[in-house]
Amino acid sequence: MNKSEYALFLGCTVSVKGLNYELSARKVADRIGIKFVDIPEFSCCGFPLGGIHHSSAVTIAARNLALAEAQGLNIIALCSACTGHMTEVEKLFANGANAKDLKRINASLKDLGYQYNGGVKVRHFARVLYEEIGVNKLRKLITDPLTGLKIAPHYGCHYIKPSEIFDGFDDPIHPQSLDKLIEITGATPVQYRDKLQCCGGGILAIDEETPVKMVKQKLDHIKEANVDAMILVCPFCNIMYDEFQPTVESTFDVEYSIPVLYYPQLLGLAMGLDPKKDLAVKQNQVKVTPLLEKIEGLRGGK
Amino acid sequence: MTKKALSREKPILMEELDTGFKFEVTEEPGGENIKRCFACGTCTVVCPVFSVNDQYNPRKIIRMILFGLKEEVLKSNFIWLCSGCYSCYELCPRDVKITRLMAAVRNIAVREGHIPKPMELIVGLIEKFGRILEVSEFENIVRSKKGMPELDLTIPELRKVLKRTRIHDVIKSSDIDE
């Protein structure tokens, strides 16, 4: 398999709500030399069915994996839940494991033209940047460092957990990949209380009140740390912190105005990409303009 | 255990318990390790949902399953409140794999006819669009402007896939038209 060529898996949420994430990821990938192949038949990853009908969730993932395998490609996903679910299914059938189950799935998909043989690897985009491209190579591509900017990393959950399926690329209790990826942009990663707190997005459909309270906790802690912005790598976390930030502000009568960037947007800024044209910052709910003005100011108002 | 710690209004009656429930759970994918639990409470302590909503108490849910309070667990709202963050999963000293356990219990609940409406809607959306959100023409107009490939508005094959996995054997109805 060509190491720098991947099938780009969008899933549901990025397709509809994460144009800024997708565009910025495509633009920085282009700079780095990662080639994305689009597979129009890719569907939902199957994750939303995990708590409803396990075998449907696994079969849908297997279908997506088979699509990538047919083209001889590994998968890069932008959504952490897609990454987690499809990695779990990928591991389930890797190296001939659970062959009987896979045979049953293949039999059920046969007349639709699918066969999965267990040969695809699924990776989160941020993991590829950190683990395969590496901070040293990325650092060389930084043309416009964001020196002086203070950024809070939000790891979320499925990007690193359950750690047993992620080959130890980062520590699930004390992760550092996103901190290092912030560092290479010239910005300073800022530590804050309860850094690994979950966004709560997983239960939004069942009970809105609970995740909104969880978001408040996180934003309170980030505000205490006095940052310029937070970054994240999952469209579901983004819904909670960016889209729901005004809801949390009005529900609890607080003010945050914390810009929420997808990591590729931050990286793109440091690579000199155009904030509007290349990184679609206008799609971000909390205004990014004050942040861009601050960056200009820090660079001496060029 | 004190009455307050259990916080139940009525006493647990031995004859009302379904002691076979825990075996149903261990046979379900993800539920295999439930009997390993020694009730240390690490899961509840690290749970981000419990920190804002004490209705969701994983330690208590596991005890209820092991006691055999089957109906009470399967009909509950609380089994649907796990956010799936894996905090407890990483730290459980008995490797109960609680995040997967909660998914297993939900699968049983669905089979027994206790599916929350939003979950039923998700199944309908995946059948109809192939995704849980609808991609409209509008998205494709914006995508073209930005030089990004257009998306197929629906992935109709997913309906066929779910027919083959027999999802409607467990979910009787669906709000979305055929």
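Q: How many salt bridges does a search of the whole structure find over all chains?
A: The search turns up 28 salt bridges over all chains. To count, a side-chain nitrogen of Lys or Arg must be within 4 Å of a carboxyl oxygen of Asp or Glu. Keep in mind that this is a predicted model, where local features need pLDDT of at least 70, side-chain atom pairs count only at pLDDT 80 or more, and totals for chains, interfaces and linings use all residues. Residues are numbered from 1 along each chain as its sequence is written, chains are lettered from A and ligands numbered from 1 in the order in which they are written, and side-chain values use heavy atoms, with hydrogens and water left out.

Q: What makes A:D278 and A:K27 a salt bridge?
A: Their side chains meet at 3.9 Å, N to O, and the rule asks for within 4 Å, so the pair counts. A:D278 sits in the loop between α12 (263–270) and α13 (289–298) of chain A, while A:K27 is in helix α2 (residues 19–32) of chain A, so the pair ties together parts that are 251 residues apart in sequence. Helices here are DSSP runs (H or I, at least four residues), strands are too (E, at least two), and both are numbered from the N terminus.

Q: Why is α3(A) called roughly perpendicular to α4(A)?
A: Helix α3 (residues 54–70) of chain A and helix α4 (residues 80–93) of chain A pack at about 85 degrees, with axes 9 Å apart. Those axes are lines fitted to C-alpha atoms, for helices over the stretch in contact, and angles run from 0 to 180 degrees between N-to-C directions. Under 35 degrees is roughly parallel, over 145 roughly antiparallel, 65 to 115 roughly perpendicular, and the rest oblique. So α3(A) is roughly perpendicular to α4(A).

Q: How do you know where the domains of chain A are?
A: The bounds come from an automatic or database domain assignment, which gives domain 1 (5–125) and domain 2 (134–298). The C-alpha centres of these two domains of chain A lie 24 Å apart.

Q: What joins domain 1 and domain 2 of chain A across their interface?
A: The rule finds four salt bridges there. As for contact (heavy atoms within 4.5 Å), 27 residues of domain 1 of chain A touch 27 residues of domain 2 of chain A.

Q: What is the area buried between chain A and chain B?
A: It's about 4700 Å², with 67% of it on carbon and sulfur atoms. Buried area is the accessible area (1.4 Å probe) that two parts lose on being put together, summed over both. Also, 57 residues of chain A are in contact with 57 residues of chain B.

Q: What makes A:E164 and B:K97 a salt bridge?
A: Their closest N and O atoms are 3.1 Å apart, and the rule's limit is 4 Å, so the pair qualifies. The count between chain A and chain B is five salt bridges.
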